[in-house]
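Here is a short briefing for a reader who is new to this structure. Keep the sequence and the model in view while reading.

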Amino acid sequence: MATSATAASLRPRSPDDGEPELAQSRAELDSLLDTSPLAANATRAVVMTMGALHAGHTELIRTARARADQLIVTIFVNPLQFGPREDLSRYPRTLDADLRLCGREGVDIVFAPPIVHETPPLVRVSAGPLGEILEGASRPGHFDGVLTIVATLLHLTRPHLAFFGKKDAQQLVLVRRMVHDLAFPTEIVAVPTVRAPDGLALSSRNAYLTTHQRGSVLALPRALAVGVSVADEGADVVLAAASEVLAAEPGVRADYLRLASPDDLAPVRIGQALLLVAARVGTTRLIDNIELTLPGEDG
């Protein structure tokens, strides 16, 4: 592990250590990383967020903390991934509370720059065909923006491990593919979705929901649960049963409900699959997914 010269900087932080080091520019981050060098066999991890941290982020951070000698959390509301009519201006920004949470969870460094690129980048990462389906069909260019900022943050934070939640299934597939195709020296680690007691997947956008809308949006996890319950009857039954649940809730406007491969999001009818859903409740758009197994041809 760490040599005597770096042992103090690499000792996992505890709540008694207070808030983590805060970097708000590339230069400040470089300085922190250069003055806390990793030993040859030590591990640095990153958790990338847009802030407004909740229990889902906490699970990501705890999972990363357990595997890393040095842990960085990035907090940046990425303008490149928001469309012209999306919620960039009202996206919650809670840096002080986020820093306190990171301190409680033993994060070493928080990188929270007001901007990442001095000017809008002319050269961007293209998500390609995988970025044009599902979420990409409703949000053109969204994943180009996601991958461009993820690539930038991977370069700046220099991690061995990067942790992403399974709730954003398409993002996870695309980030893994980018890291593979562009030869980033980083392992992408998937962390299970964290849910509220009523089954709703945790999301910063849940804060937009009224009490009535919160009740309506529970149709999403109900639809997924029903799909899993009939998975042994085949793909058509899964989609029909889940669709019926969504259609029965007047406050929900479904965008898509699909069965797709966990590896490349291709349509799938047998074997391991993701049941993916996206819907609007009021002006809030939410996504969710669940893993299931579909029977084979003889099932």
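Strand S7 (residues 253-260) and strand S8 run antiparallel and are joined by 7 bridges. Two strands count as paired if DSSP finds at least two bridges between them. Helices (H or I, at least four residues) and strands (E, at least two) are DSSP runs, numbered from the N terminus. This is a predicted model: local features need pLDDT of at least 70, side-chain atom pairs count only at pLDDT 80 or more, and totals for chains, interfaces and linings use all residues. Residues are numbered from 1 along each chain as its sequence is written, and side-chain values use heavy atoms, with hydrogens and water left out.

- Arg-253 stands opposite Arg-280 of S8.
- S8 also pairs with strand S9 (residues 284-294), in the antiparallel sense, over 11 bridges.
- Ala-278 has Ile-287 of S9 opposite.
- Val-281 has Thr-284 of S9 as its bridge partner.
- The hairpin of S8 and S9 has 2 residues between the strands. Gly-282 takes a positive phi there, near 65 degrees.
- S8 (residues 271-281) has 8 of its 11 residues buried, so the rest of the structure largely encloses it. Buried means under 20% relative accessible area, exposed means over 50%, and partly exposed lies in between (1.4 Å probe, protein chains only).
- S9 is also largely enclosed by the rest of the structure, because 8 of its 11 residues are buried.

**Salt bridges**

- How many salt bridges does the structure hold? There are 14. Each is a side-chain nitrogen of Lys or Arg within 4 Å of a carboxyl oxygen of Asp or Glu.
- Glu-187 forms one with Arg-67, and their closest N and O atoms are 3.8 Å apart. Glu-187 lies in strand S6 (residues 187-191) and Arg-67 in helix H3 (residues 55-67), so the pair ties together parts that are 120 residues apart in sequence.
- Glu-187 is partly exposed, at a relative accessible area of 40%. Arg-67 is partly exposed too, at 43%.
- Arg-285 and Glu-135 meet through their side chains at 2.4 Å, N to O. Arg-285 is in strand S9 and Glu-135 in helix H5 (residues 135-138), so this pair links distant parts of the chain, 150 residues apart.
- Arg-285 and Glu-135 are both buried.
- A network of salt bridges links Glu-135, Arg-139, Asp-255 and Arg-285.
- Lys-166 and Glu-291 form a salt bridge at 3.3 Å, N to O. Lys-166 lies in the loop between strand S5 (161-165) and helix H7 (169-181), and Glu-291 lies in strand S9, so the pair ties together parts 125 residues apart in sequence.
- Lys-166 is partly exposed, with a relative accessible area of 28%.

**Asp-98, a buried charge**

- Asp-98 sits in helix H4 (residues 95-104).
- Which side chain of opposite charge is nearest to Asp-98? It is Arg-100, 8.2 Å away. Lys and Arg count as positive, Asp and Glu as negative, and His and the chain ends are not counted.
- Asp-98 is buried, yet has no salt bridge.
- The side chain of Asp-98 reaches the backbone nitrogen of Ala-52 at 3.1 Å.
- Asp-98 touches Gly-51, Ala-52, Leu-53 and Ile-75, leaving aside residues up to four places away in sequence. Contact means heavy atoms within 4.5 Å.

**Val-107**

- Val-107 is found in the loop between H4 and strand S4 (109-111).
- Is Val-107 buried or exposed? Val-107 is buried, with a relative accessible area of 0%.
- Val-107 and Leu-239 are 132 residues apart in sequence. In space they are 41 Å apart, C-alpha to C-alpha.

**Domains**

- The chain is divided into domain 1 (21-191) and domain 2 (204-290). Such bounds come from an automatic or database domain assignment.
- The centres of domain 1 and domain 2, taken over C-alpha atoms, are 26 Å apart.
- The contact takes 21 residues from domain 1 and 18 residues from domain 2.

Key:
Polar contact = N/O pair within 3.5 Å; in protein donor to acceptor, adjacent residues only side chain to side chain.
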